[in-house]
Amino acid sequence: MLSVLAQSDVGWFATFFNTIVKGLAVGGVYAIIALGFVIIFKATQVLNFAQGALAATGALFLSFLVFDRPNQDAPQGQTPATWWRAPFAGDGFPDYGEQWASIVLISVLAGVALALITGKSISGWAIGSFFAAFLACRWLATREGFTWLDEPIVSLIVAFAVAVGVGVARGWRPPVQIGIGAAATFVALVVIAAIDNEWIEWLGNLVIAVILGALFGMILERLAIRPMVGEPLFSMAVITLGLEIAIRQFANDSVKILNRPILAPWEGDPLDPASDGGFFAGGVFYNWSWFAILFAAAISFVAVFLFYRSKLGVAMRAVSFDQEAAMAQGINVGQVFAIAWAFGAGLAVLGGVFATQPPISQEGSVTVLTALVAFRALPAVILGGLDSVQGAAIGGLLIGLAEIFAGQYLARFTDTLGAGYQTIVPYVVMLGVLLVRPYGLFGTPEVRRV
Amino acid sequence: MTRMRWLVALVAALSLFAAACSAAEDAADTATDAVGDAAEAAGDAAEDAAEAVEDVVDGDDDAMEEEDAMEEEDAMEEESAEIATDYGVTEDAIRIGLSADLSGPFSALTSVIVDAQTAYFDRVNENGGIAGREVELVVLDNAYDVPTQLDNYAELADESEDGVVMISQSTGSPHTSAIAGDLADDDLIAIPLSWYSGWADQEFGSNVFELYTNYCFEGMNGVEFLVEQSGEAAPTLAIVSRPGEYGQDGAAGARIAAEALGLEIVYDGEGAIAGDDFTPVISQLVAAQPQIVWFTGSPTELAQIFGGAAAGGLTALWSGSSPSYNVALLDTPVGPALDAFYFHSTYAALWNANDSAGMQDMVSEITARIPEGNYAQSDTYVIGWTEAMFAEAVLEQAAANGDMTRAGVVAAANQVTVDFQGLAPDQSWTGDPNDFAVRASYIYDVVLADATPTTPITEAGSSGLSLVKENFVGSVAAGFEFTEPCFVSEG
Amino acid sequence: MRGRPKLFTSYEADSAIFPTSLQKWLAAAGILLLFMLPFDIPFFTGPVPRAFPDSWPLLGGRYTLLGQIPILQDGIPLVRFLGDSNWLRPMTEVLIFAIAAIGLNILAGVAGQVSLGHAFFMGAGACTAAVLGGPEDSELFWGLGLPIWIWLPASGIVAALVGILVSPTAVRLRGLYLGIVTLGLVFIGIHLARVFPQIAGDTESGRRYPEFDIRAWKEGSPQVTISSEETVTGWFGLNAFTVTERQKVYLFCLVVLLAMAFFGKNLMRSRTGRALQAIRDRDIAAEVMGVNEAKYKMIAFAISSFYAGIAGAMWASFLGKVAGNQFSLFISVEFIAILLIGGAGTMSGALAGTFFVILLPELVEKATEWLAEQDSGISGAIGDFLLTEGPGDFGPISEPNVAPGWALNVFDWNVVIYGVLIVVFLIFEPLGLFGIWIKIRNYWKGWPFSY
């Protein structure tokens, strides 16, 4: 941010183009979050108000995964490894043996986890006992004679053993999934360790955070939404509001120290003034993160587009079209709900991660404001239409552009419009469009019959 | 339905059982307690006697101090019988209330402040309490929400034995201003976590005792310091602030300094920070290209606006009101730019920043008493610690006056001069605000290379600030006639 | 067969305010209870045996069952309500919010138009009250210094006019779309409050609001004091009826609430009410039957906003000093929660829901406080397990003054539990408190037979 400083006389076109890219980047984040809203709404008819809390929680997962601080004293020639690459290395700098032991161990664990989760009837028991055993271990760890449990990884292993034990006791026979999961994880870890690249490691962490977020979404769906199937829409919406209130407090508590950096690789090193996390073009500054956001948004839309063409995606579309008819066709509606929530929550995590980056935030960290990004994205959802994927994309981009353009070009009318006028621009745009098209730009009109 | 009924029955049975158990145990407890108390009392008496004997034996060997201390203690014990009390003070306890933000946006800071007060009064209690009474803190959460604050106030101000004798922490300007009138009606004093210049106004904030200097003087000092740093006679100035008592008070101070020093204000963003998106502020700042900027907002807002303006090519020198900056910002991508352009202004000396007696005392006490403390925010401990020093001084004074009623505490607060032992400028609240208001601020330079990581948070690190000016009173602040608040929010 | 629910022999009986005599008596008892609540009248205070005599075998020295109840330890109070306690504050808030909840119930429960903009209409009412009732001599804020009998109704009327302005969108939009658009109103309202500080006061600390005192015109001392320190001794010649400020404010709000509730209940039984219900059930069908959809949606918005405006003015006046940003999305959401938890579409549901939602955080807070104080018995053990009481101790809840670690402090947990209770309640009782009532009623309906 310091290496080059812009000239103060910038041409109008440079500013204009910069504003467009910035607006698109803001819109990209809105679009990702809006997509999460839309997927959940299409499948389950729930407007998920907890999306903001999910976004903040997921971004927090990522910040926990990349816990090591950049200015930690690193031994010569080594970069600190993220925890999942070397749980045994207490100092974060694994030696050869520690690294291999970790890789083997994590592979086995991942395989077992995959088998447990995909195992049909016992997954609930296994997951439940896992969490119960883990909490019990953490509790025991403070008690006399159990201090050996103090390392989190030991508790994890014990909990795993308990979960496997419960699984076997409930009639589960270790299937091939263990082998598949272990082999895949092993290969992935070895490749990652061999490449030893900051980007790949961070992306690995991002993927894990998104998966964790998706699992979290599935758990919420199972606990709070599934029992409500068939109840009025607003009851379900208020349930998600209750979830939002409860989860957001956890997320806020975790950022009480104000910041949880997510250390995106394009950010540049805070200690190194030469790396500035962006570049100048035409005298104006572009953050790398703007393009990362647009890239991520494009990837998510392609992924969702492809998903809707898969077998499961078709099932989901069928469910959103007519739940009972889909059920009659043998579609497992519960499973579709779970997948939709996993997708929605995963997208919320992705949106939350990018909401910590410029242009939404300059801090590169999770703060109490991160969760609010979902409320900022709501007008985008409604503008595009609650049940339209392309609506989410276009609505998000439009709202982002409107907000940033109003902020940039109406700034000199601040005295007339009042400070903070840009925050209500999205709502004004939304209101205007809805009066013309009551179901948003691409939403499906409700058929009105007597 | 059947299952529900079973559940209800089970719960009822369990609760009955629990009630019976606890009641029985209570009875037992009371019995043992009574015995214990008697034993303790006997022990105390014996100890006293022993001490008295020792005193006689020691004679003049020891310094006079000890004797003085003993005499004082004796005097206090005698006094405790005569001290007039109404609410919040009983024979053996003094109740002090805190209405702090413990679950809202500032809870990281306020919980540290509450910790510091707790540690301070723990020590006071170990040394015999105030006027022979133990200090009891009543901690309530206001969640940074005005209605909750009013609920808390009703609870604290209750005119019964549940009430408190003073409020040693009231988080937030709007929240304290919402109770300011009631404080005067109920003869209660409060220490605000807010440095609004209006607290010195005798009509509005007569019972609000603000510690250290206020946002307005801080703004004057900050701008004057920036002018000095910029090396120019009259650099162009920009002011950016939140709306409301905090932001606009700071902005008013900066504007007063600009007028006095003949600076041109090229962008006046007083109250311009609103909402979560700051594009208009950034674009106007960048367009105006000021040479110095005064900022009054939150750390998050500082990161957004400062970072955005730096990315837009603004190379001005910045400084801002104390709450605008937080050490955690150094972990973010704006760290290097803060190092280059930002000066942090505070009201009191920071953690371990000088060698004064008060500082040594605080650091050793807090690290001993709060071994797992939040040292990432260690600079905040000093606020809670000095608040507690003030509260203790006021209560001691009230005890010395023989009047620990609420009105007596108000009178005592208007008499004391608190010696903060080098932690902050000494302060009194006697007479005219123009005479007693503190005008000094501390200014620090941000040095990123000195900042050591704060994980784990239980180890004290350095927040990367180097002292530039201690007790800095600029010419503008020194000459300012402080007759009314710089910013008025009350009609 | 008299008094059986759902058994009516005439149309008049079906649309009576209280269709059964049971309901009539319950309502009367409820109103009486609400009126007695701020008083503390121990009719009998005699000694109650707190413990069995020591000489008794087995039971000797143990507490009697009655002695377990702390209140009973001073005597047997036959009627022992809150008195002039701190609980009156949340109770008064309940009464005020109930007024707004009734309003939203008419819009969302009766007419089926879900609005997340209720806070906006409350804010509109509050601003009207501030301008009409605020002091004339203020330099910063507008004020006309008018008495309460002008500003209180006017705040409702202005809010209703704003509601009428908004209602055309309701004709265009449906369901969640309408919900989100009205949510936008809340943000726009907060922005307007920021733009016009002369009306809404300072952005953060707001302005002072007129008090409840009743004046004929602008004279200095009010004819009837309500919001003042002055204590009135001995209403009805009874010492027990000595009322302080808090009690007077409570009673004033209760009177307003009852008047508004009565009006709302009657409205539902009128032609307008039936038209609104028809729109809720199927708007096209209603139109076919000759109900003018646009007109009745406008009426629904106007009435609902009227209630919200009155409640907003009273809330602001009750708090004394409010800023525009207090009328936030959180308040709107609270009303939706009130409606769903109480049971949409019913008057008693709106009242019960308000009690539940407003008092819940208070109760949760008291429960955790109580738990933290316990150090013996089962409750002590639970507290020991749940609370982190110092460094090295383990428990998901930390004491407020223990530094933040992974354990949330008690106050954070209050918020979490509040959210979780809303979820749990709606999962187990989707019809809300009203659903519980229906279940109880149906159980007794066929008693002693199950069906």
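How many residues of chain A are in contact with chain C, and how many of chain C with chain A? The legends below take up this question and others for a predicted model.

**View 1. The contact between chain A and chain C.** On chain A, 42 residues take part; on chain C, 39 residues do. Three helices of chain A each supply at least two residues to the side that touches chain C: H8 (233-254), H13 (373-384) and H16 (425-436). Helix H8 of chain A gives the most, with 13 residues. Sorted by class, the side of chain A that touches chain C has 29 nonpolar residues. Seven polar and six charged residues are also part of this side of chain A.

**View 2. Confidence along chain A.** The mean pLDDT of chain A is 80. A score of at least 70 is reached by 79% of its residues. Among the elements of chain A, helix H14 (residues 389-409) has the highest mean pLDDT, 94. Helix H3 (residues 96-118) of chain A has the lowest, 67.

**View 3. Two stretches of chain A with pLDDT below 50.** Residues 1-7 of chain A have a pLDDT below 50. In the model this stretch has 26 contacts beyond near neighbours in sequence. Residues 68-80 of chain A also stay under 50. For residues 68-80 of chain A, the model has 19 contacts beyond four places in sequence.

**View 4. The domains of chain B.** Chain B is divided into domain 1 (2-61), domain 2 (93-212 + 354-425) and domain 3 (215-346 + 441-479). Between domain 2 and domain 3 of chain B, the C-alpha centres lie 28 Å apart.

Technical notes:
Residues are numbered from 1 along each chain as its sequence is written. Chains are lettered from A and ligands numbered from 1 in the order in which they are written. This is a predicted model: local features need pLDDT of at least 70, side-chain atom pairs count only at pLDDT 80 or more; totals for chains, interfaces and linings use all residues. pLDDT is the predictor's confidence in each residue, from 0 to 100. Helices (H or I, at least four residues) and strands (E, at least two) are DSSP runs, numbered from the N terminus. Two residues are in contact if their C-beta atoms, placed from the backbone, lie within 7 Å. Ala, Val, Leu, Ile, Met, Phe, Trp, Tyr, Cys and Pro count as nonpolar, Asp, Glu, Lys and Arg as charged, and the others, Gly among them, as polar. Domain bounds come from an automatic or database domain assignment.
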